Amino acid sequence: MYKKSLIILSFLLCSSVYAKDLKLWYSKPAANWWEALPIGNSHLGAMVFGGISCEEIQFNEETFWAGGPYTNNNPKGRVALPKIRSLIFQGKASEAEKLINETYLTKQNGMRYLPLANLYLDFPVHGQVSDYYRDLNLENATTTTKYVVDGVTFTRTVFASMTDGVIIMHMQASKPKALNFSIRYGCLLKSKVYAKSNKLILDCNGEPQDGIQAALRAECQTEAKTDGKVHFTETEMTISNATDAVIYLSAATNFVNYHNVTANESKRAASILSKALRIPYATALKNHISYYKRQFDRVVLNLESSDASKMETPTRVEHFGEGKDMSLAALLFQYGRYLLISSSQPGSQPANLQGKWNKELYAPWDSKYTLNINAEMNYWPAEVTNLSEASDPLFDMIKDLSVTGSETAKVLYGARGWVAHHNTDIWRACGPVDAAYFGMWPNGAAWLSQHLWQHYLFTGDNNFLSKYYPILKGTADFYLDYMVEHPKYKWMVTVPSMSPEHGPKGNGSTITAGCTMDNQIAFDALKNTLLASRIIGERKTYQDSLIDLLNKMAPMQIGQYNQLQEWLTDSDDPHDNHRHVSQLYGLYPSNQISPELNPELFQAAKTTLIQRGDMATGWSLSWKLNLWARLLDGNHVFKIIQDLLHILPNDGEQKNYPEGRTYPNLFTAHPPFQIDCNFGYTAGVAEMLLQSHDGAVQLLPALPDAWRSGSVKGLVARGGFVVDMEWDGAQLTKAVIHSRIGGVLRIRSYVPLQGKGLKKASGSCPNLFYASAEIKTPLKAIGLNPQSPILYHTYEYDVETQSGEDYMVERCAIN
């Protein structure tokens with residue numbers, strides 16, 4: 001319909017004022033893991049060091065974890081539940097916590113994600129090394145290392161094949177027969193290395209943990225295709241007099257699923273390797289790039305560039321605060337998408353706390369799935385940045401957990417539905433771990449399941465909703481049984497629970513009843529199940545039961561400091577800078593706090609965020625980035641980005657770089673490394689540019705002044721709208737919106753717009769896919785004169801769209 005306009009927009013997206021190369025690059029080899037470059041195909045994750053005399057490839061296989069099938073449901077908990085609740089209602093939280101530790105916890109606190117091995121390639125270097133260069137190319141998911149020795153150029157290309165399931169290393173020398181090297185393994189676990197059938201093989205066993213014996217075995221197989229000579233010793237492969245060599249690495253375990261470990265890891269690894277070897281290298285590289293680009297190329301973000309963008313990557317991070325390198329923010333945004341594609345493809349395990357990249361035998365926090373924000377944050381960018389299929393592994397895990405969690409709900413609480421607490425692992429355990437202070441938080445299932453509902457809102461896929469409705473319903477069923485009446489307030493509350501890892505002042509414990517985050521998550525579970533039930537055609541009596549519980553729940557409350565209360569009591573400390581801002585779940589990722597419908601509550605959320613301060617752990621910074629975007633304050637979001645882009649050379653340098661939150665390889669730091677911050681950042685940048693949760697598709701809702709001009713292509717809004725935009729002077733100039741499923745598009749903008757079929761909007765939101773949440777009127781502290789936000793004027797328009805059509809809007813003069 002608007003081909004001419006699309007051509008113009010495409011030209012603008014390629015404008016020369018923007019950095020074109022999406023590369024991380026370095027002028028020397030990685031000195032440590034935090035300088036190495038990550039590659040992955042979801043099944044395998046690897047770190048490439050780019051060494052000269054020794055190349056190191058540290059790699060993981062996604063199903064290689066400690067322990068084996070187990071559950072951690074303690075039946076003593078259900079017996080003690082009435083006493084625990086009574087103690088909490090009497091104000092004896094410390095006694096309740098002690099009783100929870102005695103009756104709900106077990107010896108099993110979750111199994112850890114294991115490193116598999118290192119592959120070392122040893123090169124004899126006889127002469128002066130010059131012209132060293134290495135990079136990670138986000139546009140084709142390959143790493144390149146290049147250097148010159150005595151006039152001979154050596155080039156290495158390494159990638160984790162998306163199509164063949166192996167890691168492929170291509171080595172070339174510019175002089176015939178100048179390529180000589182040997183290959184060996186290194187492993188932190190008990191292992192055996194041997195040569196067999198032209199392959200170098202490593203076998204190793206998993207690790208026991210918390211009384212659960214190791215049930216997993218892993219095997220790695222390496223084979224070469226080369227024009228040189230190949231020789232084997234017992235533990236090494238040597239290649240000599242080669243000009244060209246391609247090394248293939250496969251790995252597999254005996255894991256089938258969370259209750260089945262009967263696979264043959266050797267046959268699996270051999271089958272993967274055999275199939276990969278049959279494909280010519282050039283074809284394998286082409287197939288890999290084609291598969292990857294089908295996902296990565298859906299979104300393009302251009303921000304203004306300068307000479308600063310030509311510096312190598314760690315230097316760019318060090319100088320970002322000078323304000324001359326806006327394109328680094330775009331590179332980090334696309335890096336998050338690269339990492340999500342590389343760690344979460346259909347048929348795999350979901351990305352864990354470290355994605356798929358872990359070098360430690362005892363990983364921080366076991367590299368598990370932390371469900372009180374971190375695992376969810378990993379998938380915040382999936383829908384909005386046009387990587388919907390990346391959520392498939394998460395949905396598969398949710399399906400598993402709905403089975404194991406139903407047993408947990410029954411054994412621990414005598415409840416229907418299913419429950420998960422604040423952690424799980426590859427064995428899908430759902431009971432509380434790590435002591436009551438951290439672990440007595442029964443909301444993991446409900447939060448995870450909101451990703452199912454959000455997928456429906458973005459896609460309108462009724463078949464998907466029908467498939468997953470029983471799982472979504474199961475979270476509501478749990479709350480129907482678990483919530484009880486608070487004897488003082490008479491509201492229905494979750495108890496025992498906590499506001500994650502944080503307790504009210506003077507409570508002596510985190511354990512509480514009916515904290516704000518619990519109420520917000522329960523609201524989403526109940527209300528979104530209700531909405532889904534109406535689409536599915538659920539019986540009315542069930543719908544009425546959801547409505548009845550929703551009506552009996554506590555409203556949000558504005559406290560004495562004009563803050564959004566974290567607990568039922570007005571006990572927030574305005575000087576508290578705790579990393580969790582759990583009461584703001586209702587602002588983001590949920591949509592319960594609207595500037596238009598609940599302005600005083602919106603302002604109270606802002607007050608809370610100001611009181612907590614900006615600087616925090618990496619993942620907390622990313623959450624705050626999203627929260628400030630929802631607060632429509634682009635300049636404050638940019639300030640958070642500046643806080644995040646502080647260099648941390650490695651984990652050993654934390655004392656010298658106390659504010660360091662970004663490593664030289666652009667992994668982000670808690671510290672130590674957690675990948676959730678990378679993913680949360682990418683989601684946050686998308687949230688700055690496009691929002692679709694509050695009754696309209698809002699264009700450029702939180703654009704900072706520093707991003708004076710730019711463009712973005714391919715972001716996705718709820719309702720199935722794909723949005724391309726360009727801006728100048730920090731204001732929208734034009735947008736092209738593609739409608740995937742049709743329906744009314746309501747556009748919200750800070751500037752007036754014109755376009756074919758565009759009409760001024762009136763009345764409530766006409767499209768339920770991005771309608772605002774209907775919540776109870778917030779309560780206010782006695783004597784409080786609540787503040788109101790200062791908001792920019794917006795213009796709203798409606799256009800009736802047809803599936804498959806494009807719609808262009810442009811900035812115009814004010815009528």
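Two strands count as paired if DSSP finds at least two bridges between them. Strands (E, at least two residues) and helices (H or I, at least four) are DSSP runs, numbered from the N terminus. The model is a predicted one, in which local features need pLDDT of at least 70 and side-chain atom pairs count only at pLDDT 80 or more, while totals for chains, interfaces and linings use all residues. Residues are numbered from 1 along each chain as its sequence is written, and side-chain values use heavy atoms, with hydrogens and water left out.

**Sheets**

β30 runs antiparallel to β32 (residues 795-801), to which 2 bridges join it. K760 has Y797 in β32 as its bridge partner.

Another open sheet has 6 strands, in the order β17-β25-β26-β27-β33-β29, and its pairing is antiparallel. Here β17 (300-303) and β29 (753-754) are the edge strands, each pairing on one side only. β29 is joined to β33 (residues 806-811) by 2 bridges in the antiparallel sense, and Q754 has E810 in β33 as its bridge partner. Helix α7 (residues 327-343) packs on this sheet, where it touches β17 and β25 (710-717), and its direction makes about 160° with that of β17.

**Helix packing**

Two packed helices are described by the angle between their axes and the distance between the axes. Axes are lines fitted to C-alpha atoms, for helices over the stretch in contact, and angles run from 0 to 180 degrees between N-to-C directions. Contact means heavy atoms within 4.5 Å.

| Helix pair | Axis angle | Axis distance |
|---|---|---|
| α17 (residues 618-630) and α18 | about 165° | 8 Å |
| α18 (residues 634-644) and α19 (residues 676-689) | roughly 155° | within 11 Å |

Angles under 35 degrees count as roughly parallel, over 145 as roughly antiparallel, 65 to 115 as roughly perpendicular and the rest as oblique. α17 and α18 are therefore roughly antiparallel to each other. Their crossing is left-handed, a term for a near helix turned anticlockwise from the far one by less than a right angle. Residues in the contact include L621, L625 and W628 of α17 and V637, I640 and I641 of α18. By class, the contact of α17 with α18 has 8 nonpolar, 2 polar and 2 charged residues. In this division Ala, Val, Leu, Ile, Met, Phe, Trp, Tyr, Cys and Pro are nonpolar, Asp, Glu, Lys and Arg are charged, and the others, Gly among them, are polar.

α18 and α19 are likewise roughly antiparallel to each other, and α18 passes α19 in a left-handed crossing. V637, I641 and L644 of α18 meet C677, Y681 and M688 of α19. That contact has 6 nonpolar residues, with no polar and no charged ones.

**Salt bridges and backbone details**

The whole structure has 30 salt bridges, each a side-chain nitrogen of Lys or Arg within 4 Å of a carboxyl oxygen of Asp or Glu. R184 forms one with D122, with 2.6 Å between the closest N and O atoms. R184 is in strand β10 (residues 179-186) and D122 in strand β5 (residues 117-122), so this pair ties together parts 62 residues apart in sequence.

The peptide bond from Y588 to P589 is cis, with omega near 15°; P589 is in the loop between β22 (557-558) and α16 (599-612). The bond from H670 to P671 is cis, with omega near -10°, and P671 is in the loop between α18 and α19. D131, a residue other than glycine, has a positive phi near 55° and lies in strand β6 (residues 129-137).
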